[in-house]
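I opened my notebook to look up a helix and a ligand site. Here is what I had on screen.

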Amino acid sequence: MSNVLSQQYSKHEKLDQSNRHSVVPVTDWSERQVTYLRVSVTDRCNYLCTYCAPAEGWKASAKKELLQFEEIFAVIQIMAWRGVKRVRFTGGEPLLRRDLCTLIAQVNELPEIEEIAMTTNGHILDRYAEDLFQAGVRRLNVSLDSFDPAIFEAITRGGDLKRVLKGIEQAQKVGFTDIVLNAVLSPELSQTAQVWQSFCEKAWALGVTPRWIEMMPIGGQQAPDIQVSSVIQALQERWDLQTDTNLNCARIARGPARYYTVNDAVYKGKQVGFISPMSDPHFCASCNRARLTARGGLRACLADDREIDLKSALRMGMRGPALSPFIDQAFQGKRPQHLMNQGAPPLNVMTGLGG
Ligand code: SAM
């Protein structure tokens with residue numbers, strides 16, 4: 001880390017230490033407490049997944065429009081003092097942001113932060129896995145929708161499955177034990193029982209946990225009506241899947257995914273996860289998350305375009321508790337349930353928001 005950056009950090013630490021007990025947890029009007037912050041560090045991506053970004057017309061932000069590390073750290077710090085315990089770095093593709101591990105290592109020093117995670121497409125993970133682990137990242141979600149190289153390339157519009165698999169292997173080598181594969185139930189992929197079952201087997205053979213996500217109609221995308229219940233049913237035809245309450249409890253604290261554990265001989269103990277934003281009417285009931293976009297917008301909900309412009313406040317020099325009124329404002333109007341099923345999806349594209 002440069003000297004200038006470390007001086008800035010320690011300046012803010014001193015400024016804020018004196019106020020840290022005066023801050024209260026971030027909650028919305030229905031008392032859902034924010035304990036999880038997703039931080040998008042760039043809206044640039046080296047893949048252009050069909051369900052995430054339009055084929056044309058999407059333009060990543062200029063560098064000066066993105067929050068600087070010191071600004072991101074200031075937001076994470078005040079959010080941590082106000083109850084955030086987990087931070088996930090995402091994007092765009094987070095690994096495209098140069099020197100990201102410097103920021104992660106700083107965040108790892110915050111005593112309030114219990115877990116640092118990352119969502120990545122894995123394309124350059126082999127290069128960064130060790131640095132990420134050293135910096136304090138412990139959980140990785142890798143986006144991988146198909147183990148067929150041609151289908152993978154088509155969905156990611158140019159992605160290279162071999163590179164992603166190499167990244168996963170390297171991550172495991174350097175110590176990552178909790179890797180989840182995110183697969184979106186998109187129309188590009190043939191969604192059949194055989195495809196889902198074979199996807200599970202390949203993921204388990206790699207030592208990672210497959211997880212399906214219902215596609216959301218974000219940024220004007222047409223989402224198909226495929227629900228995770230169809231996948232669960234197909235897997236149950238083949239394996240005895242049990243809901244593991246302990247595992248679910250541990251992971252519910254982290255997010256809205258539900259997990260099942262296989263109870264049959266060959267794959268006994270293997271897990272599979274599901275996220276059902278479109279079909280679960282209670283999906284938002286225990287929402288504990290906030291999102292910081294790469295351009296400095298603070299969002300209470302992925303599915304709601306309303307956001308508070310923290311970048312302006314930061315660039316006016318505000319730090320620590322001075323940011324609190326803006327943060328509270330972002331959560332005042334948080335909806336009890338998203339409106340994506342009612343024809344009101346967010347218009348911003350996913351890669352700009354940080355999924
Ligand atoms: N570039 C990284 C990656 O590929 O994982 C991080 C950003 S990406 C926006 C984060 C996650 O958003 C991906 O794992 C993908 O599963 C999810 N995602 C993107 N578009 C989605 C959509 N329309 N519906 C559901 N999930 C989506």
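**Ground rules.** I am working with a predicted model, where local features need pLDDT of at least 70, side-chain atom pairs count only at pLDDT 80 or more, and totals for chains, interfaces and linings use all residues. Residues are numbered from 1 along each chain as its sequence is written, and side-chain values use heavy atoms, with hydrogens and water left out.

**Helix H4.** I looked up H4 (residues 125-135) and found Leu125, Ala129, Leu132, Phe133 and Ala135 buried (under 20% relative accessible area, 1.4 Å probe, protein chains only). Seen down the helix axis, these residues fall within an arc of 150°, so they line one face of H4; the arc is taken from the directions from the axis to the C-beta atoms. On the other side of H4, I noted Arg127 and Gln134 as exposed (over 50%). Helices here are DSSP runs of H or I, at least four residues, and strands are runs of E, at least two, numbered from the N terminus.

What do the buried residues of H4 pack against? I found helix H3, strand E3, strand E4 and helix H6, with contact meaning heavy atoms within 4.5 Å. Glycine 136 follows H4, and its phi is positive, near 125°.

**Ligand.** I then checked polar contacts (N or O atoms within 3.5 Å). A ligand nitrogen atom is 2.9 Å from a polar backbone atom of tyrosine 51, and a ligand oxygen atom is 3.1 Å from a polar side-chain atom of asparagine 182.

Conventions:
Polar contact = N/O pair within 3.5 Å; in protein donor to acceptor, adjacent residues only side chain to side chain.
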